[in-house]
Amino acid sequence: MIDTSPSLALVLLVGVLVGTGVYLLLERSLTRIVVGIALISNGVNVLFLIAGGRAGAPPIIGAAAPEDMSDPLPQAMILTAIVITLGMTAFLLAMAYRSWQLNGHDEVQDDLEDRRIARRAERNELPARSTDDAGTSLAEDAASVRDETASEDEHAPRGHHRPAMGADDGEALR
Amino acid sequence: MNELVPLPVLIPLIGAGLALAFARYPRAQRVISLVSLTTVLAIAVVLLVAVNDGPLVLDIGGWAAPVGITLVADRLSALMLAVSVTVTLAVLVYSLAQGAADGDQGAPLTIFHPTYLVLSAGVSNAFLAGDLFNLYVGFEILLVASFVLITLGGTRERVRAGTTYVVVSLLSSIIFLTAIALVYAATGTVNLAQLSGRLAEIDPGTQLVLQVMLLVAFGIKAAIFPLHAWLPDSYPTAPALVTAVFAGLLTKVGVYAIIRTQTLLFPTGRADDLLMVAALVTMVVGILGAVAQQDIKRMLSFTLVSHIGFMVWGIAMATDDGLSSAIYYVVHHITVQTALFLVAGLIERRGGTTSLARLGSLARLAPLLAILFFIPAMNLAGIPPMSGFLGKAGLIQAGVVDGGALSWALVAGSLLTSLLTLYAITKAWNQAFWQEAPEELPETSSSAGMVGATAGLVVLSLGLTVIAGPLYDYTDRAARDLRARSPYVDSVLVDGGRGTGQSRDVTEDADRQEDTGDIEDVEETEGSVP
């Protein structure tokens with residue numbers, strides 16, 4: 001019977017991977033979120049490895065006694081999880097690229113509702129139902145409502161280049 | 001009969017492959033989608049009848065339960081499957097009619113059909129999964145498809161809303177995956193039936209951690225407060241038919257997973273009070289959000305969040321009646337919410353917008369649309385003869401029987417929520433249909449097929465009232481099975497609840513060789529038996 005207590009090195013590895021992953025996930029830039037998700041997923045994959053116990057002999061009938069074999073099931077599950085993560089990462093990267101194409105940045109913008117409320121608070125209006133939605137559709141709102149990331153860009157340029165396509169975001173308001 | 005179980009997953013997947021191969025022939029794609037989903041619907045109905053004799057189990061690859069991958073269809077799975085496929089098919093008909101009406105311009109449509117079929121396969125897989133990891137795979141299949149559908153066309157607004165949706169969904173998947181790893185570490189299995197026995201044997205503290213992690217993962221998918229914030233932001237921007245199928249199905253997959261977690265894996269009921277509080281807050285916060293909205297789609301998204309609370313309440317009561325009402329409510333809500341979003345799509349086509357401030361006079365311009373909106377809206381609010389009322393009445397009755405301060409608070413909360421739903425819906429109804437339109441609405445038309453598909457769902461939601469008696473009998477039995485656990489566990493793990501864990505080939509060979517008295521060459525004959 002092989003020892004099933006987890007290896008400290010692997011546990012620490014999981015901690016580091018998930019910790020840095022969560023830190024990156026909290027960023028606004030989609031590229032960092034992609035890296036963060038990749039790190040967390042790998043951390044969880046290592047967690048699966050720990051769940052299977054310590055390494056033993058290869059699980060092939062005839063090569064070792066059954067009680068010395070390592071558990072093959074976590075490996076199978078890790079393999080599946082890796083494939084799924086690969087697909088998800090590819091999709092996220094494509095979305096980050098599309099976002100850069102459209103907006104000139106890949107930052108995740110605020111929820112429409114949040115932006116409306118923030119705008120009202122800025123203008124010091126009553127929070128009661130005002131004419132904030134004077135018959136505009138969601139799409140029009142999205143184009144005209146000022147967005148936190150856009151205003152940051154204008155007040156403190158941080159090296160983002162903003163192509164003409166995305167420039168109407170903040171301008172429409174004034 | 002057992003061989004039918006994997007078909008609801010296989011047929012849409014094969015259909016998706018074919019549809020992708022015929023990407024240049026839209027007509028062939030349409031035929032493929034329609035044929036696959038119709039076949040699946042027929043299978044789902046057969047399964048619905050067949051599970052009355054006990055759950056159907058199929059071991060994929062011929063390995064017996066605790067080792068192999070198992071697909072299980074019990075009463076709950078079969079019912080969810082039948083309803084979800086019906087709704088998927090109705091929305092497909094709507095989309096075909098829409099494509100015909102718009103003259104099929106636009107490249108995104110070529111990937112719509114394959115993705116839509118993959119979504120259907122993922123939902124079916126989640127309902128049929130017999131182990132936690134397969135459930136995770138089912139979730140991922142439907143998530144990947146939903147990512148593509150929600151960002152369909154790749155406009156700026158959809159990419160923005162899609163980003164939130166994608167990141168939050170991925171996060172919930174990661175939490176779910178972590179929970180699976182911990183479950184495996186603690187018990188050494190991911191098979192649901194085996195887990196139901198083994199989880200009871202481990203340390204109660206560990207149990208609670210695992211339960212809460214699973215509930216958080218599923219709670220994000222089901223959009224329970226405080227994990228709901230992604231939903232009202234991402235759903236309204238997607239195309240109407242995508243939102244309709246998402247609203248109907250995706251959150252309900254989360255609810256289904258919560259039902260399994262609470263009944264099969266952790267029947268001790270330690271998280272029941274937590275779920276009750278979450279249900280109450282979900283109801284009230286959701287509906288207050290809906291009241292404040294000025295856009296039909298956003299308003300409907302918030303009512304969706306709110307009414308998830310009713311289902312969670314039913315699950316949290318952990319009584320036969322409560323669970324039965326919750327299942328009935330899920331069935332009712334899938335049809336009604338999908339119908340409402342489809343109507344919102346029709347309103348958008350007719351009026352050019354879904355903003356209530358700009359709509360008006362629709363009752364004069366499109367009286368049929370008014371009726372189509374009015375019926376499911378009243379159904380959602382729970383006006384007496386309709387299925388919404390029956391579901392809510394069942395829940396309230398179970399709550400009153402349950403007694404307790406929290407139950408009474410929920411009874412009061414649900415009544416308040418129903419009233420506020422009525423208010424929000426009536427406000428939308430008045431503004432969109434009866435007030436004078438502030439400006440002339442554009443002259444557009446919807447095709448008969450789109451109206452027909454929507455009308456079909458509305459009629460189905462009314463039909464739930466007509467068959468309420470038999471349906472409640474069915475959900476009662478489903479709830480009893482779920483709470484007893486033994487029908488599910490015994491049918492998956494034959495041989496005294498532990499299962500053999502052997503390949504079918506090996507057991508068959510062993511049987512044969514026992515007859516002839518020769519057990520030597522088991523390994524040589526392996527693989528030769530089909």
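Student: Which residues of chain B does UniProt list for "domain: NADH:quinone oxidoreductase/Mrp antiporter transmembrane"?
Tutor: The unreviewed UniProt entry lists residues 129–417 of chain B for that domain. The model discussed here is a predicted one.

Student: What is the helix and strand content of that span?
Tutor: Residues 129–417 of chain B are 80% helix and 0% strand.

Student: At what angle do α15 and α18 of chain B pack?
Tutor: Helix α15 (residues 367–381) and helix α18 (residues 448–466) of chain B pack at about 30 degrees, and their axes are 10 Å apart. Because angles under 35 degrees count as roughly parallel, α15(B) is roughly parallel to α18(B).

Student: And is the crossing left-handed or right-handed?
Tutor: The crossing of α15(B) past α18(B) is left-handed.

Student: Which residues make the contact?
Tutor: From α15(B), the contact uses B:Leu368, B:Leu372, B:Ile375, B:Pro376 and B:Asn379. From α18(B), it uses B:Val451, B:Thr454, B:Ala455, B:Val458, B:Ser461 and B:Leu462.

Student: How do these divide into nonpolar, polar and charged?
Tutor: In the contact of α15(B) with α18(B), eight residues are nonpolar, three are polar and none is charged.

Student: Changing topic: how many residues of chain B are in contact with chain A?
Tutor: In chain B, 44 residues are in contact with 47 residues of chain A.

Student: What area is buried there?
Tutor: About 3,700 Å² is buried between chain B and chain A, and carbon and sulfur atoms give 70% of that area.

Student: Which residues of chain B lose the most area to chain A?
Tutor: They are B:Arg156, B:Arg160 and B:Tyr184, which together account for 19% of what the chain B side buries.

Definitions and conventions:
Residues numbered from 1 in each chain as written. Chains lettered and ligands numbered in written order. Predicted model: local features only at pLDDT ≥ 70, side-chain atom pairs only at ≥ 80, totals over all residues. Heavy atoms only, no water. UniProt positions renumbered as here; feature names shortened; annotations may be inferred. Helix = DSSP H or I, 4+ residues; strand = E, 2+ residues; numbered from the N terminus. Axes fitted to C-alpha atoms, helices over the stretch in contact; angles between N-to-C directions. Parallel < 35°, antiparallel > 145°, perpendicular 65-115°, else oblique. Left-handed = near helix turned anticlockwise from the far one by under 90°. Contact = heavy atoms within 4.5 Å. Nonpolar A, V, L, I, M, F, W, Y, C, P; charged D, E, K, R; others polar. Buried area = accessible area lost by both parts, 1.4 Å probe.
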